[in-house]
Amino acid sequence: MSEQSPRQESSGIRMGKPFGIPVYVSWTWFLVAAFITVMFGPQMRQRLPQLDDFAAYGVAFLFAVLLYISVLLHELAHSVLAKAYGLPVRRITLYLLGGVSEIEKEPPTPGKEFMVAAAGPRSRSAWAGSVSPPTST
C-alpha cells in the first residue's frame, strides 16, 4: 500500500482507465518488450518456418504484450477489490519487472487485507486455467 509514498505525477504513458483506475506503462516496459521480441523472434522463425522475419518478430512482440496483459489483470484484481472495499486507488503502473497498484489506504481489517493481497494471485490462477489446453488422460 502506498499511504506514505510521495505523489508522482508522471509515472509513464497513460493507457486507459479500466474500472475508473488510471493505468500507466513505464518507459521500462519498452525495454522488456524489445528484449523479449529480440530474444524470441529468431526462435519463432525456427519453430514457424512459414512466417517471414517480420511476422516471427511480431509473434515475439505479442508474447511481451500478453505478459503485460497478465500483469495488468493481476494488478486490476488487487485494485478492483480494494475499490469494492471503499479504498481509494490512485493508479496502476506497469514497470520493468511487474506492476504496482497504488492503494492509498490500508484495508480496515486483516481479513480484508488478506483478500486484497490474494486477489492478484487468484486472478492469475483463474486466467491460467481459462487459457490452458485440456489434458488427455
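This is a predicted model: local features need pLDDT of at least 70, side-chain atom pairs count only at pLDDT 80 or more; totals for chains, interfaces and linings use all residues.
**Overall picture**

- The protein has 137 residues, and 34% of them are buried.
- Take the contacts between residues at least 6 apart in sequence: 58% of them join residues at least 24 apart.

**The largest pocket**

- The largest pocket holds about 160 Å³ of space.
- Its lining is made up of Met15, Val23, Val25, Trp29, Phe30, Val65, Tyr68, Ile69, Leu72 and Leu94.
- Strand S2 (23-25), helix H1 (28-47) and helix H2 (53-84) are the elements that each give two or more residues to this lining.
- H2 provides the largest share of the pocket lining, with 4 residues.
- Sorted by class, the lining has 10 nonpolar residues, with no polar and no charged ones.

**The largest nonpolar core**

- The largest nonpolar core has 18 residues, and the members that touch the most others are Ala82, Ile92, Leu94 and Ile103.
- Two or more core residues come from each of S2, H1, H2 and strand S3 (89-95).
- H2 gives the largest share of this core, 5 residues.
- Leu94 is worth a look in both places, as one of the residues lining the largest pocket and one of the core members with the most contacts to other members.

**The loop between S1 and S2**

- Pro22 sits in the loop between strand S1 (13-16) and S2.
- Pro22 counts as buried because its relative accessibility is 12%, and the cut-off for buried is under 20%.
- Beyond its neighbours within four places in sequence, Pro22 is in contact with Arg14, Gly16, Lys17, Arg90, Arg91 and Ile92.
- Pro22 and Thr93 are 71 residues apart along the chain, yet their C-alpha atoms are separated by 8.5 Å.
- Phe19 is found in the loop between S1 and S2 as well.
- Phe19 counts as exposed because its relative accessible area is 59%, and the cut-off for exposed is over 50%.
- Most residues other than glycine have a negative phi.
- Phe19, although not a glycine, has a positive phi of about 60°.

- Thr28 belongs to helix H1.
- With a relative accessible area of 14%, Thr28 is buried.
- Not counting residues up to four places away in sequence, Thr28 touches Tyr95 and Leu96.
- Ala55 is part of helix H2.
- Ala55 is partly exposed, at 29% relative accessibility; that class covers values between the 20% and 50% cut-offs.

Terms used. Residues are numbered from 1 along each chain as its sequence is written. Side-chain values use heavy atoms; hydrogens and water are left out. Buried means under 20% relative accessible area, exposed over 50%, partly exposed in between (1.4 Å probe, protein chains only). Contact means heavy atoms within 4.5 Å. On a 1 Å grid over the protein atoms alone, a cavity is a set of points where a 1.4 Å probe fits but cannot get out, and a pocket is an open set with protein on both sides within 12 Å along at least five of seven lines; lining residues have an atom within 4 Å of a point. Grid points are joined across faces, edges and corners, and a volume is the space filled by probe spheres set on the points. Ala, Val, Leu, Ile, Met, Phe, Trp, Tyr, Cys and Pro count as nonpolar, Asp, Glu, Lys and Arg as charged, and the others, Gly among them, as polar. A nonpolar core is a set of buried Ala, Val, Leu, Ile, Met, Phe, Trp, Tyr and Cys residues joined through side-chain atoms within 4.5 Å.
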